[in-house]
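Got the viewer open and ready to click around? Here is a short tour, one selection at a time.

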Amino acid sequence: MNYDTFVDQVAQRTRTSSERAVELTHATLETLAERLTGGEVLDLAGQLPRPLQVVLKPGPDTEAADRFGAAEFVARVGRRAGVDGNVARDAIRAVFTALREAISGGEFDDLVTQLPRDYRDMVEPALAPGATLRRP
């Protein structure tokens, strides 16, 4: 999936402009990069378009994941994007769904495995029947 398609999918799912979808996508991916181990961030970035790879680039001290729950994830996305919790949660769902369509099924499974159960309501829409999934 190319960058424009990814952003368009997030924009459609969040019913917002492409510019706003970029902000929401970046906020979500930056927060996700904090939550995943450095190796998983690199694996995920390797399957995404270049402009999104830059957002996910882990630093030298990010091998260990920053362990925080879903509420903190939503709060961090909200702060980064300048939106309230409901908008942030909808954006996170949209980005997870776009990720599921953009990366291999195995990589998406690896990503989800690193998230605790309280993330379920944000991840499950990406797993819903009818969502496209590209398998390797």
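Start by selecting H1 and H6: these helices pack at an angle of about 140°, and their axes lie 9 Å apart. Axes here are lines fitted to C-alpha atoms over the stretch in contact, with angles running from 0 to 180 degrees between N-to-C directions; helices are DSSP runs (H or I, at least four residues) numbered from the N terminus. This is a predicted model, so local features need pLDDT of at least 70 and side-chain atom pairs count only at pLDDT 80 or more, while totals for chains, interfaces and linings use all residues. Residues are numbered from 1 along each chain as its sequence is written, and side-chain values use heavy atoms, leaving out hydrogens and water.

Now show side chains at that contact (heavy atoms within 4.5 Å). From H1, pick Phe6, Gln9, Val10, Arg13 and Thr14; the H6 residues they meet include Asp90, Ala91, Val95 and Leu99.

Next, the core. The largest nonpolar core has 42 residues, and Phe6, Leu32, Leu44, Leu48, Phe96 and Leu99 have the most contacts inside it. Such a core is a set of buried Ala, Val, Leu, Ile, Met, Phe, Trp, Tyr and Cys residues joined through side-chain atoms within 4.5 Å, where buried means under 20% relative accessible area and exposed over 50% (1.4 Å probe, protein chains only). Zoom in on Phe96: among the residues it touches, not counting those up to four places away in sequence, are Leu32, Phe108 and Met122.

Last stop: Arg15, in the loop between H1 and H2. Its phi is near 50°, a positive value in a residue other than glycine, and Arg15 is exposed, at 77% relative accessible area.

Notes. Helices (H or I, at least four residues) and strands (E, at least two) are DSSP runs, numbered from the N terminus.
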